[in-house]
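Okay, everyone, thanks for making time. I'd like to walk you through a few side chains today, so let's get the structure on the screen.

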Amino acid sequence: MGLRGQKEYVWIHVVALLCLCDWSVCQISYSVSEEVNKGTVVGNLAKDLNLNVQDLESRDLRLVSGYSKKYFDVNLRTGNIFVNERIDREELCPDVVKCTLKIQALLSDPIHLHRIEVNVFDVNDNAPSFVEQSFTLNISESLSPGERYLLPIAVDADMGSNSIKSYKLSPNEHFSLDVQSGGEQSVSAELVLQKALDREKQSLIKLTLTAVDGGKPPRSGTLQIIVNVMDVNDNTPTFSKSLYKVQVNENAPFGTKVIQLNASDLDDGPNGKLIYSFIKRGNVDPLDTFDINVDTGEIVLKGVLDHEKIPAYEIRVQVKDQGSIPRSAHGKLLIEVIDVNDNAPEITVTSLRNPVKENAESGTVVALVTVSDKDGGKNGVSNCKLSGVPFKLESNYKNEYSLVVDGSLDRERASQYNVTITATDEGIPPLSSTSVVIVHVSDVNDNAPRFSDSVVNVYVKENSEVGVDIYTISAYDPDSGENAKLTYSLLDGSPRNIPISSMVNINSETGDIISLQSFNYEELKTFQFKVQATDSGVPPLSSNVTVNVFILDENDNSPGILAPYSDHGSVNSENIPYSAEAGYFVAKIRAVDADSGYNALLSYHISEPKGNNLFRIGTSTGEIRTKRRMSDNDLKTHPVVVLVSDNGEPSLSATVSIDVVVVESTGDIQTQFRHVPIKEENFSDLNLYLLISIVSVSVIFLLSFISLIAVKCHRTDSSFSRYSAPMITTHPDGSWSYSKSTQQYDVCFSSDTLKSDVVVFPASFPPVDAELISINEGDTFNRTQTLPTKEKVRFSKYQCLLKLT
């Protein structure tokens with residue numbers, strides 16, 4: 001509550017307290033019209049209370065009332081009372097002739113209370129109105145003039161002279177208005193019938209009653225009066241025609257509308273509501289064939305018409321109203337029955353052979369067809385036809401036919417035929433009917449099993465488990481039943497003369513191929529066999545598919561170190577001069593991996609000593625070289641452990657140890673001839689005879705090499721076939737090329753890289769077991785490799801390369 005509201009609240013209590021204390025007060029009266037504008041001056045309190053205008057504000061003059069709105073307020077500078085809110089007399093004083101607003105004027109210092117009455121005068125601001133928007137009277141047309149009907153009165157919120165004073169009626173020929181006044185506030189009106197009514201001429205009369213008040217200018221309100229003229233049965237029904245004629249086809253279905261009877265009655269209500277009916281005459285009852293709607297007069301067919309029996313119907317009809325004393329009329333209806341082609345041919349099929357074998361010959365009878373038509377004359381003559389199927393109709397006698405095969409049948413293309421037979425009569429218009437004969441085609445074994453591909457490639461990892469399914473062969477047969485039931489079997493096709501039954505087996509029902517052994521890629525890279533699918537027909541049919549099995553390599557072989565560092569348990573050492581520059585060649589490690597692909601791709605690393613900053617090795621070549629010059633702080637002997645790893649998953653590796661000895665000068669360097677272990681013990685003193693050893697080794701190497709070249713280049717095919725291609729593969733760039741078709745093999749006789757190597761290019765066929773090449777007596781490896789047996793290896797000057805420095 002605001003500060004001003006609180007003050008008003010206090011003043012109200014003060015006024016109440018003064019009243020209780022019986023203080024003497026005075027009363028002032030003013031008058032004002034309703035709906036005057038805000039700010040309209042009602043009177044001057046300063047003048048009427050004999051107060052000085054300057055004292056009004058100092059004495060805090062206030063107007064206090066118990067109304068929800070503050071309708072009046074006072075101007076403290078002039079003392080005038082003015083209208084502060086809109087004044088609506090009808091809202092403040094409803095249904096009261098005199099409207100007075102009572103307020104109090106309160107002065108302080110000293111406190112004085114003055115009562116003020118304001119008389120609110122009415123103005124004509126409300127028009128008369130009726131509670132109802134319309135008023136309905138039902139008056140019979142048989143009533144005599146002079147009948148009176150009391151009408152609703154209008155209401156007007158205004159009072160006195162502004163209230164309702166009279167009523168008026170709109171001009172008409174049947175009614176007048178009698179206005180009666182019961183006082184200043186009571187005026188009513190009655191409707192008086194002046195002329196008899198005729199519903200057939202005018203069934204509805206609309207009048208307007210107007211209420212007028214006494215204001216200046218006067219206001220008015222209207223009410224619509226609706227007079228419904230009530231009917232009496234004073235008219236007889238009549239048909240629109242005395243004779244109705246209509247034609248109906250004899251094949252008209254039940255419920256067909258025949259005709260619509262039309263009758264009329266000028267009366268209304270029950271007096272004008274008509275009922276239609278048939279009149280039975282003699283033994284003929286129209287209701288046996290026709291039905292009539294009693295309300296609408298619609299006649300529909302409910303029986304069978306036959307022109308040959310009854311060509312026409314003559315029916316008497318009646319219409320009657322529903323007055324208290326009903327009136328009726330009669331009429332005649334003639335219905336002519338028209339003969340039409342109303343019967344379609346009927347087709348009867350007798351099956352003789354169903355199903356029909358797909359290899360049935362042309363002319364084989366499948367069924368007998370009979371066509372009949374109940375109509376006569378041309379309407380009963382029928383013609384049959386069918387099309388689009390490998391069958392035809394052959395006429396036997398009049399309307400009897402045979403359905404025979406007229407082409408080759410193929411169950412795989414169509415297992416059944418829906419043969420549609422159409423029969424059409426010669427009526428106008430012609431009628432036709434169809435019958436669908438379902439001819440099933442039975443299967444014969446005329447299709448061999450089929451594979452989706454003529455060759456199937458199967459990939460199997462080596463070392464896989466025995467007894468697992470490696471592939472499922474699937475064939476399909478377009479035939480059905482037993483003719484499509486397939487069994488699978490293996491046909492041996494291995495080029496290695498190894499029974500295929502020892503390698504794989506097949507499930508005869510499902511076609512699952514099962515491994516019977518674990519495959520080794522290094523021994524067997526691929527093999528081939530055939531699978532035969534045979535159906536169960538009589539006679540059985542079969543077809544084959546070739547299966548190529550490719551063994552996928554797994555990383556199951558560790559790298560093998562080649563000579564001269566391949567001796568297990570032997571001490572490998574190399575000498576380098578103290579004055580060796582950075583990049584000085586120390587040794588070359590060669591290794592081979594029996595696997596292929598990335599599993600045979602080797603890399604070389606120095607694993608010990610870790611952090612060695614004196615030597616480095618080519619990761620792909622295996623060459624060990626110095627990284628820097630020697631210093632006085634370096635050791636005289638450097639043990640180096642080289643780790644050779646392949647790139648398989650997981651990676652496999654091998655190690656080789658070399659002691660690198662630093663000598664004072666190049667004259668102290670010994671170049672040992674490292675080869676496959678030699679059993680002769682006289683080589684143990686080679687260190688004492690270094691110069692002699694070097695010469696001896698060189699001579700032996702040259703003689704051995706020349707002998708090898710001579711043997712290899714001139715050996716006949718027959719004598720060489722037992723060796724086939726060698727398998728030692730130490731390519732200078734690693735063993736990657738071992739897995740390719742153009743594999744390169746290096747046979748090494750010295751630890752000095754690229755000084756005496758034989759490079760051999762083998763054939764690109766899968767290898768079989770063969771012995772390794774022996775260069776010196778007793779210098780053979782205790783290992784065999786899988787090398788080709790059938791391929792003849794030819795050497796020429798382009799295949800045998802001598803690498804000498």
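**A walk through some side chains**

Let's start at Tyr67, where a polar atom of the side chain lies 3.2 Å from the backbone nitrogen of Lys102. That makes a polar contact, meaning N or O atoms within 3.5 Å; within protein, one must be able to donate a hydrogen and the other to accept it, and residues adjacent in sequence count only if both atoms are side-chain atoms.

Before I go on, the bookkeeping. This is a predicted model, with local features needing pLDDT of at least 70 and side-chain atom pairs counting only at pLDDT 80 or more, while totals for chains, interfaces and linings use all residues. Residues are numbered from 1 along each chain as its sequence is written, and side-chain values use heavy atoms, with hydrogens and water left out.

Back to Tyr67, which sits in the loop between strand 3 (62-64) and strand 4 (72-74); strands here are DSSP runs of E, at least two residues, numbered from the N terminus. Skipping residues up to four places away in sequence, Tyr67 touches Thr100, Leu101 and Lys102, where contact means heavy atoms within 4.5 Å. Is Tyr67 buried, exposed or partly exposed? At 32% relative accessibility, partly exposed; the scheme is buried under 20% relative accessible area, exposed over 50%, partly exposed in between, with a 1.4 Å probe and protein chains only.

Another loop residue is Thr364, between strand 27 (356-357) and strand 28 (365-372). Thr364 is buried, with a relative accessible area of 15%. A polar atom of its side chain lies 2.7 Å from the backbone oxygen of Glu361. Beyond its neighbours within four places in sequence, Thr364 is in contact with Arg353, Leu403, Val404 and Val405.

Now, rings. How many aromatic pairs does a search of the whole structure find? It finds 10. Rings of Phe, Tyr and Trp (its six-membered ring) pair if their centres lie within 6.5 Å, and planes under 30 degrees apart are stacked, over 60 edge-to-face, the rest tilted. Take Phe290 and Tyr313: their ring centres are 5.2 Å apart and the planes are at 85 degrees, so this pair is edge-to-face. Phe290 is in strand 22 (residues 290-292) and Tyr313 in strand 24 (residues 312-321), so the pair ties together parts 23 residues apart in sequence. Phe290 is buried at 0% relative accessibility, and Tyr313 is buried at 11%.

Then there's Phe527 with Phe529, a stacked pair at 6.1 Å centre to centre and 25 degrees between the planes. Phe527 is buried at 2% relative accessibility, and Phe529 is buried at 0%. Elsewhere, ring pairs link Phe239, Tyr244 and Tyr276 into a cluster.

Last stop, Asp321, which is in strand 24. What is the nearest side chain of opposite charge to Asp321? Arg327, 5.2 Å away, and Asp321 is buried yet has no salt bridge, that is, a side-chain nitrogen of Lys or Arg within 4 Å of a carboxyl oxygen of Asp or Glu. For charges, Lys and Arg count as positive and Asp and Glu as negative, with His and the chain ends not counted. The Asp321 side chain does reach backbone nitrogens: that of Arg327 at 2.8 Å and that of Gly323 at 3.4 Å. Among the residues Asp321 touches are Asn233, Asp265 and Lys273.

Conventions:
Helix = DSSP H or I, 4+ residues; strand = E, 2+ residues; numbered from the N terminus.
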